[in-house]
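Colleague: I want to learn how to read a model like this one. Please take it feature by feature, with the general idea ahead of the case.

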Amino acid sequence: MGWVSEHLVEAAVGGDLESITAVVHGAHPHVRRFAAHLCASPQDAEDAAQEALIVLYRKIGTLRASAALASWMFRIVRNECLRRARHLLEDAADPGLAASAEDEVLKRLEAERVAEAISALPDVQRRVLVMRDVLGHPGRAVADALGLSTAAMKSHLHRARAAVRLRLHTA
């Protein structure tokens, strides 16, 4: 954590407002960069980064070890990106088409199962699958956004689809 000193983090954990502000300000570019690599869209990345910084600001006093700051922040970003991906999947199922309350419940359960299967994927496979299949981005754009060759992106997508299919059929 070259961007923040242990002394500054300890002061922030102790409740010093200037230190908290300095830690949040210093964390901002790192959190945004991580969110941009993990979330499915730039808007989700920005929202996840903002949410992580708000949680950091509000709950830094609960941090037990100053060395755990970076992993704690990145876990918050990861969870927020996953939450947003689940929300996308739920929105993709059109609730207006349900013929009954039972159909609606079944659709929600299926969306939840799919979201769980996707969240269990390795990071790169999950990002490729969400960007390509959920958001509908072109393959070349997905590859470019993730810094992959088109062949590597296709390989990750194939493995992700197979893993989700397997998990859904065995669950």
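Colleague: Which helix is Q125 found in?

Modeller: Helices are DSSP runs of H or I with at least four residues, strands are runs of E with at least two, and both are numbered from the N terminus. Q125 is found in α6, residues 123-134. Before going on, note that this is a predicted model: local features need pLDDT of at least 70, side-chain atom pairs count only at pLDDT 80 or more, and totals for chains, interfaces and linings use all residues. Residues are numbered from 1 along each chain as its sequence is written, and side-chain values use heavy atoms, with hydrogens and water left out.

Colleague: Is Q125 buried or exposed?

Modeller: Start with the cut-offs. Buried means under 20% relative accessible area, exposed means over 50%, and partly exposed lies in between, using a 1.4 Å probe and protein chains only. Q125 counts as buried because its relative accessibility is 12%.

Colleague: What does Q125 touch, not counting residues up to four places away in sequence?

Modeller: A contact means heavy atoms within 4.5 Å. With residues up to four places away in sequence not counted, Q125 touches H156, R159 and A160.

Colleague: Where is H156, then?

Modeller: H156 sits in helix α8, residues 150-170. H156 is buried too, at 18% relative accessibility. Leaving out residues up to four places away in sequence, its contacts are V124, Q125, V128 and L148.

Colleague: Back to α6. How does its span compare with the one expected at 1.5 Å a residue?

Modeller: The expected span is 1.5 Å times one less than the number of residues. α6 has 12 residues and reaches 15 Å from its first C-alpha to its last, close to the expected 16 Å. Buried residues in α6 are Q125, R126, R127, V128, L129, V130 and M131. Just after α6, G136 takes a positive phi of about 75 degrees.

Colleague: Now the whole chain. How many helices and strands does it have?

Modeller: Eight helices and zero strands. Of the 171 residues, 36% are buried. Take the contacts between residues at least 6 apart in sequence: 61% of them join residues at least 24 apart.

Colleague: Which residues touch the most other members of the largest nonpolar core?

Modeller: A nonpolar core is a set of buried Ala, Val, Leu, Ile, Met, Phe, Trp, Tyr and Cys residues joined through side-chain atoms within 4.5 Å. The largest here has 25 residues, and V23, V31, L56, I60 and L69 touch the most other members. Helices α1 (6-13), α2 (17-38), α3 (42-59) and α4 (69-92) each supply at least two residues of this core. α2 gives the most, with seven residues. A second, separate core has 17 residues, including I118, V130, A143 and L146.

Colleague: Where does α2 bend?

Modeller: The bend at a residue is the angle between axes fitted to the seven residues ending there and the seven starting there. α2 bends by about 40 degrees at H28, and a proline, P29, follows within four residues. α2 has 22 residues and reaches 30 Å from first C-alpha to last, close to the expected 32 Å. Its buried residues include V23, A27 and V31.

Colleague: How many aromatic pairs does the structure hold?

Modeller: Rings of Phe, Tyr and Trp (its six-membered ring) pair if their centres lie within 6.5 Å; planes under 30 degrees apart count as stacked, over 60 as edge-to-face and the rest as tilted. The structure holds one pair. F34 and F74 form it, tilted, at 4.7 Å centre to centre and 45 degrees between the planes. F34 lies in α2 and F74 in α4, so the pair ties together parts that are 40 residues apart in sequence. F34 is partly exposed at 29% relative accessible area, and F74 is partly exposed at 24%.
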